[in-house]
Amino acid sequence: MNVNRVVSISPHVNLNLSMKEPVIEYKDVTVHYDREEPVKNFSLSVGKGEKTVLTGPSGAGKSTLLNLLIGFVPTFEGTVKVNGISLTPATASSLRKFVAWLPQDLHIEVPTVKELIYFPFTFKNNRDLLPGKKEIETLLNTFFLSPSILEKSVLDISGGEKQRIILISVFLLKRPILLLDEPTSALDPDASEAIMDYLLKQKDITLLSVSHDEKWIDRMERNIVINPNSLSHGS
């Protein structure tokens, strides 16, 4: 079992335990949705190459924090930085070139698995990143999928197979920052372990994830438990 730094934070705490060069920074961030306030006075720094997971009860603002980094939360208070650059409406688009994001619920309507895996590369900013056949097949094999699955209909694969295909597509973007929301929710233990093994070998990738998977949480370097009612930290 890995010893990871477990931190439980209240809404009014500035948290910067990382000793590495900061790649992701939240400072006094508050998000309002109508009468709701899912994120309040949140501060956190994630260092280059760190593998961090946000945990806590539903509605604590974990997914909102990921969405914020990709520029999908249009208004917020406080400061958010990616690679030292402040996130603003003017910089959001350019900052996305550093980030690959997998939301918890992703609906992509394409007929075949091959089109699903190539979907991110249909966007203008990603066309020059188009992966080769060998690279795709290597990742398929790594995650216990036969290359022949590419010819199947998306309707003919399981939820776990689809989740692995989408994760492979995200990995193939080769972004230095990964944002993953419940990445193992549909995976069996062997597939989950393979995904974790792969990610932990990518020393230069900074990972910020959201998960309720105990094995995933245990293997991350930092576990940030968002709990508005308590504050404790240890290792």
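## Reading helix packing and cores

The axes of helix 4 and helix 5 come within 10 Å and cross at roughly 135°.

Trainee: Is helix 4 parallel or oblique to helix 5?

Mentor: First, a caution: this is a predicted model. Now the angle. Angles over 145 degrees count as roughly antiparallel, and 65 to 115 as roughly perpendicular. The crossing here is at roughly 135°, so helix 4 is oblique to helix 5. The crossing is right-handed.

Trainee: Which residues of helix 4 and helix 5 meet?

Mentor: Start with the general idea. An α-helix has 3.6 residues a turn, so residues three or four places apart point the same way. Now the case here. Helix 4 brings E135, I136, L139 and L140. Helix 5 answers with I165, I168, F171 and L172.

Trainee: How many residues of that contact are nonpolar, polar or charged?

Mentor: Seven are nonpolar, none is polar and one is charged.

Trainee: Which residues of the largest nonpolar core touch the most other members?

Mentor: The general idea again. In soluble globular proteins, nonpolar side chains tend to be buried together. In this model, the largest nonpolar core has 41 residues. F171, L178, L180, L199 and W216 touch the most other members. Several elements each supply at least two residues, among them strand 8 (99–102), helix 4 (133–142), helix 5 (159–172) and strand 9 (177–181).

Trainee: What is L180 in contact with, leaving aside its neighbours within four places in sequence?

Mentor: Its partners include L66, L102, L167 and V170. L199, L207, L208, S209, V210 and W216 are in contact with L180 as well. There is also a second, separate core of 29 residues. L54, V82, L87 and V99 are included in that one.

Trainee: Why is helix 1 largely enclosed by the rest of the structure?

Mentor: Count the buried residues. Helix 1 covers residues 62–69, and six of its eight residues are buried, so the rest of the structure largely encloses it. The six are K62, T64, L65, L66, L68 and L69. Just after helix 1 comes G71, with a positive phi of about 85°.

Trainee: Is V39 buried or exposed?

Mentor: Buried means under 20% relative accessible area. V39 has 3%, so it is buried. V39 lies in strand 4 (residues 36–47). Leaving out residues up to four places away in sequence, V39 touches V29, T30, V31, G61, T64 and L65. Take L65: V39 and L65 are 26 residues apart along the chain, yet their C-alpha atoms are separated by 7.7 Å.

Technical notes. Residues are numbered from 1 along each chain as its sequence is written. This is a predicted model: local features need pLDDT of at least 70, side-chain atom pairs count only at pLDDT 80 or more; totals for chains, interfaces and linings use all residues. Side-chain values use heavy atoms; hydrogens and water are left out. A nonpolar core is a set of buried Ala, Val, Leu, Ile, Met, Phe, Trp, Tyr and Cys residues joined through side-chain atoms within 4.5 Å. Buried means under 20% relative accessible area, exposed over 50%, partly exposed in between (1.4 Å probe, protein chains only). Helices (H or I, at least four residues) and strands (E, at least two) are DSSP runs, numbered from the N terminus. Contact means heavy atoms within 4.5 Å. Axes are lines fitted to C-alpha atoms, for helices over the stretch in contact, and angles run from 0 to 180 degrees between N-to-C directions. Angles under 35 degrees count as roughly parallel, over 145 as roughly antiparallel, 65 to 115 as roughly perpendicular and the rest as oblique. A crossing is left-handed if the near helix is turned anticlockwise from the far one by less than a right angle, and right-handed if clockwise. Ala, Val, Leu, Ile, Met, Phe, Trp, Tyr, Cys and Pro count as nonpolar, Asp, Glu, Lys and Arg as charged, and the others, Gly among them, as polar.
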